Amino acid sequence: MTNEEALKKVCKDLNIEFDEGDMNDWGIVNSDPARVGEFMKYYKSAGFNDQVRSHVFELILSSYNDAILSRKLNQQLKADFSAIVIESRNMPALKVVREYWKEIYDRKDFPIGRLL
């Protein structure tokens, strides 16, 4: 399965419109703080190749960052997010995604970087 085919499946599964032009920043473009819990549940339940896993992980990070900014977090979301981040440390393919968010850390706009 190609990266594009896998992303199309994820889009279908999550009811997100697929746009070929958004493939590089797919997770950021489709960020939705109201759905971060749904995205985390999907991430934990679906089997992905490393490429797709990194896109879905970025979708979670971007959505969680937006949820922090809009103050839409509860204890369960925080616990689920923490577990995903801890697990991601054992996945080399996700290191680049974590490093990106750590690098752009900013208290006002990108507070998530501090949590990684």
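In helix α1, the residues Asn3, Ala6, Leu7, Val10, Cys11 and Leu14 are buried (buried means under 20% relative accessible area, exposed over 50% and partly exposed in between, with a 1.4 Å probe and protein chains only). Seen down the axis of α1, these buried residues fall within an arc of 140°, so they line one face of the helix; the arc is that of the directions from the helix axis to the C-beta atoms. The model is a predicted one, in which local features need pLDDT of at least 70 and side-chain atom pairs count only at pLDDT 80 or more, while totals for chains, interfaces and linings use all residues. Residues are numbered from 1 along each chain as its sequence is written, and side-chain values use heavy atoms, with hydrogens and water left out.

As for its length, α1 covers residues 3-14, twelve residues, and reaches 16 Å from its first C-alpha to its last, close to the 16 Å expected. That expected span is 1.5 Å times one less than the number of residues. Helices here are DSSP runs (H or I, at least four residues; strands are E, at least two), numbered from the N terminus. Just after α1 comes Asn15, with a positive phi of about 55°.

So what do the buried residues of α1 pack against? They pack against α2 (26-29), α3 (36-45) and α4 (50-69), where contact means heavy atoms within 4.5 Å.

Take α4 to begin with. The axes of α1 and α4 come within 9 Å and cross at roughly 40°; axes are lines fitted to C-alpha atoms, for helices over the stretch in contact, and angles run from 0 to 180 degrees between N-to-C directions. That makes α1 oblique to α4 (angles under 35 degrees count as roughly parallel, over 145 as roughly antiparallel, 65 to 115 as roughly perpendicular and the rest as oblique). The crossing of α1 and α4 is right-handed: a crossing is left-handed if the near helix is turned anticlockwise from the far one by less than a right angle, and right-handed if clockwise. On the α1 side, Asn3, Ala6, Leu7, Val10 and Leu14 meet Gln51, Val52, His55, Val56 and Leu59 of α4.

Then there is α3. The axes of α1 and α3 come within 12 Å, crossing at roughly 130°, which makes α1 oblique to α3. This crossing, too, is right-handed, and Val10, Asp13 and Leu14 of α1 make the contact with Glu38, Phe39 and Tyr42 of α3.

How do α3 and α4 pack with each other? Their angle is about 155°, with the axes 9 Å apart, and α3 and α4 are therefore roughly antiparallel. The crossing of this pair is left-handed. Among the residues that meet are Phe39 and Tyr43 in α3, and Phe57 and Tyr64 in α4.

Further along sits α5, residues 75-88. Its 14 residues should span 20 Å at 1.5 Å a residue, and its end C-alpha atoms are 20 Å apart, which agrees. Leu77, Asp80, Phe81, Ile84, Val85 and Ser88 are the buried residues of α5. Viewed down the axis of α5, they fall within an arc of 135°, so they line one face of the helix. The face turned away from that buried side carries the exposed residues Gln75 and Gln76. The cover over the buried residues of α5 includes α3, α4 and α6.

Finally, Ile112 lies in the segment after α6 (92-103). Ile112 is buried, with a relative accessible area of 0%, and touches Leu61, Tyr64, Asn65, Ile68, Phe81 and Trp101, leaving aside residues up to four places away in sequence. Ile112 and Asp66 are 46 residues apart in sequence and 8.9 Å apart in space, C-alpha to C-alpha.
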